[in-house]
Amino acid sequence: MKEFPLWIFRYLKPMKFLVGIAVITLILNALITSYLAYFVKVVVNSVFVEKNERMISVIPLILIFLVFLKGVVFFVNYYSMSYIGQKVIAFLREELYEKVISLPLEVFLKEPPGSFISRILNDTSLLQDFTTRQIATFFRNTLTAIGLVGVVFYQDFQLAVLGFLGLPLIGYVISRIGKRIKKYTDRMQDKLIVVTEHLFEAVKNIREIKLFSLEKKLSESFKRDNDRYIKEFMKIKRTEAIYPPIVELTGALIVGFLIFYGGKRVLAGETTAGAFFSFIIALIMAYEPIRKLGQNYNRIQQSITVAKRIRSVLSLSSEYELKDGDLEIKGDVERIEFKSVSFRYPNSEKRVLENISCLFEKGKKYAIVGRSGSGKSTLASLIPRFYDPTEGRIEVNGVELKRLKLVPYRKRIGMVSQEIILFRGTVRENIAIGKPDATLEEIVEAAKVANIHNDIISLPEGYDTLIGEGGVLFSGGQRQRIAIARAVLKSPDVLILDEATSALDSETEKAIQRAIDEMFKDKILITIAHRLSTILDSDEIIFIKNGKILARGKHKELYSKLPDYKKLVDMQFLSH
Ligand SMILES: Nc1ncnc2c1ncn2[C@@H]1O[C@H](COP(=O)(O)OP(=O)(O)OP(=O)(O)O)[C@@H](O)[C@H]1O
Ligand SMILES: [Mg+2]
């Protein structure tokens, strides 16, 4: 039990009062139960041995009162402990969620997203059983067992010692079984992660599944993994099922022996009949909590594994802990300079960017051009510091980017990436993500720049229309324009458009481009585009091939001196 997740108890802090009530009722519960067993002695001795008639009418009343009291105590205890347990899990879930979204991007490259989701959902629900039931059962049964065992020893010490000689045997069996269950639980949770990932991926890729008619194949592979999970699960159940019969049989052996031996003692006058009955009753009553403790022990073993896994996520460092700098950026972002930057994704060996040196300055328009897979998006993603260069450095206004505080710096970077993400909520909220206090006028203005205003006002509830699940679904081009409005509203110093208008018709694209050019003429504008017509008038075009800058310059220069670029341009314009 040395790995017992004690850290869970820190979540109890805000509930001290309730925890107090739970503890008091736990103790009361054990006391009353033990007293009931002790009470048997009074009953037997005064009624059956002394034949006291008055007691016959008093005893039932006392009994009913005690049982009633025990009921009330149990209710309060059960209720408060369940509440506490549930609250602990709620805190934990919140903390996990917070942690997951604070992790640096690198972590998501290594771990499939399904495994996080599985951790949050499966592991916390397993742990919920631990905090709402297992801990309560553990304490309730331990205290009750201690009380009852106390009665057993009190009533007949000699007999009790004999009876408890058998206990180490039961203890041994319990701990063996516990270890085994722990092992199987580990494996079962791993299999469950796979199962969850299946579902997660299927829902995400539902279109591809239909298009390539993958239903049958996927269902079969799901079934295989699901079967593996069931197999591990059943191993646990098999082990659990062996357990009660073994313990029960051992118990029967012990009690049988005690009745035989104790009976002889009563007959010989060495102890009273009342004490003997109270002894046997307390012993039998103690059996139930001890049996439950055994099961409980195994479940707790199971929970320890799960808790460890959750802890491993919680103990990951957040992005800010890992990479935050200590300098606040001063003034606007005016210069971003890449100095011999190379980059490799943490999950692959290949260098995606090699020795990139370039400068982005205020008041200029830049374009990054190159074949698909050449590294354009990767280069762009280094600017908001999604990743750090593997070699070389990036300087912002002459200060190394790593030394800057992330939040204030990222506030100044606007980016529309290739994959547009809309959040659940209204159109208005979606545009105002980067500036939650924006007025409706500002939002409308941004929407106009992005050429989406007219689309929005034709929606049933205009800017208050819900997007996504259960709401309005947008086309690819509309989503791009919402994302542009979002980036524009943030009024960043640097705007990066990564294929941001690729889904739009040329006319709309031109209109947006004109509006953005105007708005960002004093700022840094970086456009990544395959459709070259949009970037011909850039101040500098950076041509990337296989992660290296082949050349930089204005369109005319590149066209005359760089055959690769000329080819790219000619192909596009000839085919028009
Ligand atoms: N998360 C990732 N992990 C590992 N490698 C990646 C990752 N993302 C991209 N790459 C690799 O980096 C290279 C450059 O990708 P990048 O997305 O920067 O290309 P791109 O020029 O933007 O292409 P496109 O025009 O198709 O958007 C590719 O070879 C790709 O395989
Ligand atoms: Mg890209």
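**Exercise 1.** Determine how far apart the C-alpha centres of domain 1 and domain 2 lie, and describe the contact between the two domains.

*Solution.* The C-alpha centres of domain 1 and domain 2 are 58 Å apart. Domain 1 covers 10-320, and domain 2 covers 325-412 + 539-576; these bounds come from an automatic or database domain assignment. The model is predicted: local features need pLDDT of at least 70, side-chain atom pairs count only at pLDDT 80 or more, and totals for chains, interfaces and linings use all residues. Residues are numbered from 1 along each chain as its sequence is written, while chains are lettered from A and ligands numbered from 1 in the order in which they are written.

Next, consider the contact (C-beta atoms, placed from the backbone, within 7 Å). Five residues of domain 1 and six residues of domain 2 take part. On the side of domain 1, helix 3 (residues 105-110) gives the most, with four residues. Helices here are DSSP runs (H or I, at least four residues), numbered from the N terminus.

**Exercise 2.** Describe how helix 6 and helix 9 pack.

*Solution.* Helix 6 (residues 167-204) packs on helix 9 (residues 273-314) at an angle of about 35°, with axes 9 Å apart. Axes are lines fitted to C-alpha atoms over the stretch in contact, and angles run from 0 to 180 degrees between N-to-C directions. Among the residues that meet are Ile 174 and Gln 189 in helix 6, and Gly 294 and Arg 309 in helix 9.

**Exercise 3.** Identify the helix that gives the most to the shell around ligand 1.

*Solution.* The shell holds 14 residues, and Tyr 345 and Ser 372 are among the closest; a residue counts if its C-beta atom, placed from the backbone, lies within 6 Å. Helix 11 (residues 376-382) gives the most, with three residues.

Technical notes: Helices (H or I, at least four residues) and strands (E, at least two) are DSSP runs, numbered from the N terminus.
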